[in-house]
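Please keep the structure in view while reading.

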Amino acid sequence: MGKPTGFLEYKREEDHTVPADERMKNFKEFHTPLGEEERREQAARCMNCGVPFCQSAMKLSGMVTGCPLHNLIPEWNDDIYHGHYRHALQRLLKTSSFPEFTGRVCPALCEKACINGLDGEPTTIHNNELFLIETGFKNGWMTPQRPAVRSGKSVAVVGAGPAGLAVADRLNKRGHSVTVYERDDRVGGLLMYGIPNMKLDKSIVERRKKLMEEEGVIFKTGVNVGKDIAPKQLLKDFDAVVLSCGAKKARPLAIKDFDKIGGVYYAVDFLKSTTKSLLDTGLKDGTYVSAKGKNVVIVGGGDTGNDCTGTCMRHGAKSVTQLEMMPMPPVERLASNPWPEWPKVLKTDYGQQEVIEKFGHDPRIYETTVKEIHQKNGKITEIVTVKVKFENRKMVEIAGTEKVLPCDLLLIAAGFIGCEDYVADAFGVTRTQRGVVATADPEQYKTNVEKVFTAGDMHRGQSLVVWAITEGRKCAKEVDKYLMGYSNLE
């Protein structure tokens with residue numbers, strides 16, 4: 001422990017945030033780091049617990065608390081406090097493949113398990129992690145780590161999201177020759193086109209891609225495996241294939257032919273259209289789905305729904321409403337939800353903050369869903385909402401609670417129901433009832449097809465970036481053992 005009294009002397013202080021009225025004017029990242037001395041003080045708040053829950057990834061009451069990557073958090077917090085940044089970075093990279101991603105978009109499961117949160121504010125683990133990796137890039141410490149010897153084995157990774165990148169990174173450093181196939185025009189999966197630029201600037205993804213290429217990983221973009229190239233060709237050309245295509249089959253509305261009405265889009269398509277146009281032309285090509293001047297309704301109150309909210313605010317929407325089927329969470333932790341369980345409390349994220357700033361009210365309406373869509377000349381004009389409740393785990397409408405809302409743009413951010421059919425069908429892998437690729441055990445990654453493995457959301461189901469990276473690392477170890485008969489990967 002660097003400073004035994006640090007948690008008593010220093011209050012929690014997060015990275016600075018650009019005010020809502022300013023950040024809505026552009027798509028730039030809106031967090032700026034603390035000064036170096038302030039960062040060391042924040043690291044000094046770490047108590048170096050005898051049993052550090054922050055790195056445990058325990059499952060309590062059905063939810064995980066603590067870091068799935070088992071990052072050595074107390075170690076590198078101590079190093080930060082003492083100014084040993086390079087050593088701290090090496091300890092971080094021992095368990096974490098891409099801290100520059102998780103340091104920006106992870107909901108910080110580690111902090112929810114920090115013992116300082118028992119009766120105060122947790123250590124700023126999330127910001128400390130980002131400080132380390134960005135310090136590493138700034139100081140030139142993140143140099144290519146090319147394997148000294150190649151194994152002679154080759155691996156194809158299908159899908160360049162966080163899981164696929166983690167698989168490729170680990171197997172390449174082990175000495176295997178890795179080729180990553182991505183159907184989009186840019187690498188990153190949902191890191192690139194699912195998460196808005198203001199949360200994760202795409203230059204950060206490109207920076208990591210460039211580093212991996214210098215280390216020997218081959219990326220082939222614009223190649224749709226299962227359509228542009230046959231699985232049998234990959235199985236012939238490579239010693240192993242890893243499927244990491246995500247769980248991108250969006251959950252539909254329970255309304256017939258809703259997706260044939262103009263002005264109705266799935267959230268991922270909406271977000272991708274903005275990011276691609278932003279990267280291609282700075283939004284000058286007008287090819288994106290615009291919310292400018294429109295009454296927008298977003299179905300879904302989670303992270304993706306919030307990202308849609310923030311994007312619509314930057315477009316210049318006339319109004320933004322988010323519908324959430326579940327009840328409003330409590331503002332403060334209930335006695336039935338004690339530390340170190342995941343805190344089931346109300347979170348007002350950046351998009352919702354921006355609506356409050358501009359329109360003066362929270363955009364979220366709870367225990368509500370869409371009952372009808374009204375249209376004119378094939379385009380949506382308004383929706384009918386209805387209050388709902390859950391009885392025996394089934395959603396039931398409450399009669400007489402219907403309301404009409406003006407709606408020019410309806411975005412569906414209600415989650416995902418599994419991987420897309422065509423890749424799984426093309427390879428002949430079996431799937432579970434949840435629509436994801438099956439393996440003999442959740443902690444195993446080999447499919448029913450010889451030479452074929454799976455990782456990330458395609459295996460786990462819709463989840464967090466940190467879980468995708470965790471799965472990618474574990475899958476890489478299993479693939480390595482399959483190829484070599486043993487594995488020295490951690």
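## Helix α18

In this predicted model, helix α18 runs over residues 465-484, and its 20 residues reach 28 Å from the first C-alpha to the last, close to the 28 Å expected at 1.5 Å a residue. The helix is mostly covered, with 14 of its 20 residues buried. Behind α18 comes Gly485, which has a positive phi near 90°.

## Helix α13 and its packing

Helix α13, residues 267-281, has 15 residues and spans 21 Å between its first and last C-alpha atoms, close to the 21 Å expected at 1.5 Å a residue. Just after α13 stands Gly282, with a positive phi of about 65°.

The buried residues of α13 are Ala267, Phe270, Leu271, Ser273, Thr274, Thr275 and Ser277. An α-helix has 3.6 residues a turn, so residues three or four places apart point the same way. The partners against which the buried residues of α13 pack include the helices α10 (190-193), α11 (202-214) and α14 (303-315), and the strands β9 (264-266) and β17 (409-412).

## Ser277

Ser277 lies in helix α13, and because its relative accessibility is 1%, it counts as buried, the cut-off for that class being under 20%. When residues up to four places away in sequence are left aside, Ser277 touches Gly282, Leu283, Asp285, Gly286, Thr287 and Tyr288. Gly282, one of these contacts, is the residue with positive phi just after α13.

A pair of serines gives a sense of distance across the model: Ser277 and Ser487 are 210 residues apart in sequence, and their C-alpha atoms are 43 Å apart in space.

## The chain as a whole

The secondary structure of the protein chain comprises 18 helices and 18 strands. Its radius of gyration is 23 Å, close to the 23 Å that the globule rule gives for 490 residues, so the chain is as compact as a globular protein of that length. Along the principal axes, the C-alpha atoms fill a box of roughly 65 × 60 × 50 Å.

Of the 490 residues, 51% count as buried, and among contacts between residues at least 6 apart in sequence, 67% join residues at least 24 apart. The accessible surface comes to about 22000 Å², with 51% of that area belonging to carbon and sulfur atoms. As for charge, the chain carries 68 positive and 64 negative charges, whose mean positions are 4 Å apart.

Technical notes
Residues numbered from 1 in each chain as written. Predicted model: local features only at pLDDT ≥ 70, side-chain atom pairs only at ≥ 80, totals over all residues. Heavy atoms only, no water. Helix = DSSP H or I, 4+ residues; strand = E, 2+ residues; numbered from the N terminus. Rg over C-alpha atoms; globule rule 2.2 N^0.38 Å. Buried < 20%, exposed > 50% of the residue type's maximum accessible area, 1.4 Å probe, protein only. Contact = heavy atoms within 4.5 Å. Areas by Shrake-Rupley, 256 points an atom, 1.4 Å probe, with all protein chains shown as cover. Lys, Arg positive; Asp, Glu negative; His and termini not counted. Charge placed at Lys NZ, Arg CZ, Asp CG, Glu CD. Expected span 1.5 Å × (residues − 1).
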